[in-house]
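Please look over the sequence and the structure before reading the points below.

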Amino acid sequence: MVVLIPLTMIVIGGSTSKMLAQDLAKELGCKYMQAHTSRFPDGECYVRIESEDIDEEVVVVQNSHPDSSLVELLLLQDAAVGLGARKVTTVVPYFGYARQDERFKKGEALSAKVMVRLMELSSKKFITVDVHKPIVLDWFNGEAHDVHAAPCIGQFFKGHGIDLVLAPDEGALQRAGEVAKVIGAEFDHLEKTRLSGEVVRMAPKNVDAKDKNALIVDDIISTGGTIEAAANQLKILGAKSVTAVCTHGLFAKGALDRLRKCCNAVYSTNTIENEVSVISVAPQIAKALR
Ligand code: R5P
């Protein structure tokens, strides 16, 4: 029997991550506090953690995306330090700007590195989920962990009749494999073949999708273009159903409505809270905190 020693931590949820932070506190069996956040008439952010002095470790849970949330995160970290927190650990479920990990063109900013520098101003331990470019974690001076959402996604779909888990490209194959292992399904990645100047075919590289209940797994859904193209092709190939799931559901520009037209169902984890964020990554984050 595993005996869990109660942790002397306080989990504080910022405005982007209230549900996840509460799940996390429950998972850890520790105290939860909702930070108070508001905006001054000129748009500046105001935060307050309503508490007496804190002698425990504080875990601040807040996204760095969109930009206004980053300011809230920095202020929450400082508020925790101001209350005397023994240690401030920062959980950023969705690490915005992680796609700009290089100066791709001369004169660009190295955005991901700027974010790292800011986020470690008042915090020595950092946890994120399915960071787009893991190299950014090497830039933290303190401890930094990337947690995988795949076990939680797999658990959610277990027993739901999924036969085939697909990554939209080869780079995402490992994630699809992790999800498939939990479900007990086969997995593959989609491959694009240019048939002519205008015609591009997208199909699973090794597996036949005909009559299968397919699940496409990606780290981010932004405009939904990637999933839309994949889902339409899978239907053409005879898939019985196509479900899409991602870790970070940004769903920009009406992506969710568009995806509902080409997929049987769309889900995301709760790293970004939205109407389909029904899969909690709290169990995986809790493991990294213990
Ligand atoms: C790409 O490298 C990512 O893993 C996602 O596939 C991409 O960000 C999805 O973007 P969109 O939803 O705009 O196609």
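**Helices on the sheet**

The model described here is predicted.

**The sheet**

- The sheet is open and has 6 strands, in the order S2-S1-S5-S6-S7-S8.
- Pairing in this sheet is parallel.
- Its edges are formed by strand S2 (31-34) and strand S8 (143-147), each of which pairs on one side only.
- On average, neighbouring strands of the sheet are turned by 20° against each other, with direction ignored.
- Strand S7, residues 125-129, runs parallel to S8, and 5 bridges join the two.
- Val 129 stands opposite Val 147, a residue of S8.

**Domains**

- The domain assignment gives two entries for the protein: domain 1, made of 9-148 + 281-289, and domain 2, covering 151-270.
- Taken over C-alpha atoms, the centres of domain 1 and domain 2 are separated by 29 Å.
- Where the domains meet, 13 residues of domain 1 are in contact with 13 residues of domain 2.

**The largest pocket**

- The space in the largest pocket comes to about 510 Å³.
- Its lining consists of 24 residues.
- Nearest the centre of this pocket are His 132, Ala 172, Arg 175, Asp 218 and Asp 219.
- By class, the lining holds 7 nonpolar, 9 polar and 8 charged residues.
- Domain 1 and domain 2 each contribute at least three residues to the lining.
- At least two lining residues come from each of helix H5 (173-183), strand S12 (213-221) and helix H6 (225-236).
- S12 gives the largest share of the lining, with 4 residues.

**Points to check in the viewer**

- Which strands are at the edges of the sheet? S2 and S8 are the edge strands.
- Which domains supply at least three residues each to the lining of the largest pocket? Domain 1 and domain 2 do.
- Which element supplies the largest share of that lining? Strand S12 does, with 4 residues.

Definitions and conventions:
Residues numbered from 1 in each chain as written. Predicted model: local features only at pLDDT ≥ 70, side-chain atom pairs only at ≥ 80, totals over all residues. Heavy atoms only, no water. 1 Å grid on protein atoms, 1.4 Å probe; cavity = no way out; pocket = protein on both sides within 12 Å on 5 of 7 lines; lining within 4 Å. Points joined across faces, edges and corners; volume = space filled by probe spheres on them. Nonpolar A, V, L, I, M, F, W, Y, C, P; charged D, E, K, R; others polar. Domains from an automatic or database assignment. Pairing = 2+ DSSP bridges. Axes fitted to C-alpha atoms, helices over the stretch in contact; angles between N-to-C directions. Contact = heavy atoms within 4.5 Å.
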